[in-house]
Amino acid sequence: LHVAQFGFSAAAPLLLYCVGVIRLDSFVWAKVRPNIIMAILSSSAMYFNMAALRTSDVATLLVVRACCPLVDCVVEHLFLGRDLPSRQGTLLLFIVAVSAAGYRLTMDPRHHKQEDGALPLISFFVFICAADIYGRFVSNLEWENRQWGPVLYSNVLSLPHQLLIALATNEQQVLHAV
């Protein structure tokens, strides 16, 4: 199912380019190489997001996602030399994470899923944090079309990775059932 999503998302800018609505960046190795890594990170995050939804509820994923900026800013400080957020910024990041956790804790228990799959949640957390951090590097690339260049690159370069995941997890059976 993700292959179809990435395929459509790659086809849309190509179609707009073919009818002359937008300009697109050519595929050049200097942009392909970093975007391959970004494609693997983001499509892996998407895969583990969906895997986590099989064992957890959306509110749990919201809590995990809300904690990512806390990790991102520390990793960026340690490895990229960026400044840590101000006290006010740090406080706001904690408020977002605590608010998400509070929302999860106050949900009607009838809406909770059995939390028996920590591995997909942990994997989602690791890959989405890595994609967030690495994405800051990729966003510094020079694009002819800043709106559509990254969209085209990320979706075209995610297709092979998603196809491998789909084949390895028998998604074609799921698609056939749908």
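Here is a short chat about reading helix packing and surface features in a predicted model.

Colleague: What should I keep in mind about the model?
Modeller: It's predicted, so local features need pLDDT of at least 70 and side-chain atom pairs count only at pLDDT 80 or more, while totals for chains, interfaces and linings use all residues. Residues are numbered from 1 along each chain as its sequence is written, and side-chain values use heavy atoms, leaving out hydrogens and water.

Colleague: How are two packed helices described?
Modeller: By the angle between their axes and the distance between the axes. Here, helix 2 (residues 29-55) packs on helix 5 (residues 118-138) at about 155°, with the axes 8 Å apart. That makes the pair roughly antiparallel, a label for angles over 145 degrees.

Colleague: What about helix 1 and helix 2?
Modeller: Helix 1 (residues 2-18) meets helix 2 at about 140°, axes 12 Å apart. So helix 1 is oblique to helix 2; oblique is what remains after under 35 (roughly parallel), 65 to 115 (roughly perpendicular) and over 145 degrees are taken out.

Colleague: Is Leu-78 buried or exposed?
Modeller: Buried means under 20% relative accessible area, exposed over 50%, partly exposed in between (1.4 Å probe, protein chains only). Leu-78 counts as exposed because its relative accessibility is 60%. Leu-78 sits in helix 3 (residues 58-80).

Colleague: And how exposed is Ser-139?
Modeller: Ser-139 is partly exposed, at 36% relative accessible area. You'll find Ser-139 in the loop between helix 5 and helix 6 (149-168). Its C-alpha is 9.8 Å from that of Asn-35, 104 residues apart along the chain.

Conventions: Helix = DSSP H or I, 4+ residues; strand = E, 2+ residues; numbered from the N terminus. Axes fitted to C-alpha atoms, helices over the stretch in contact; angles between N-to-C directions.
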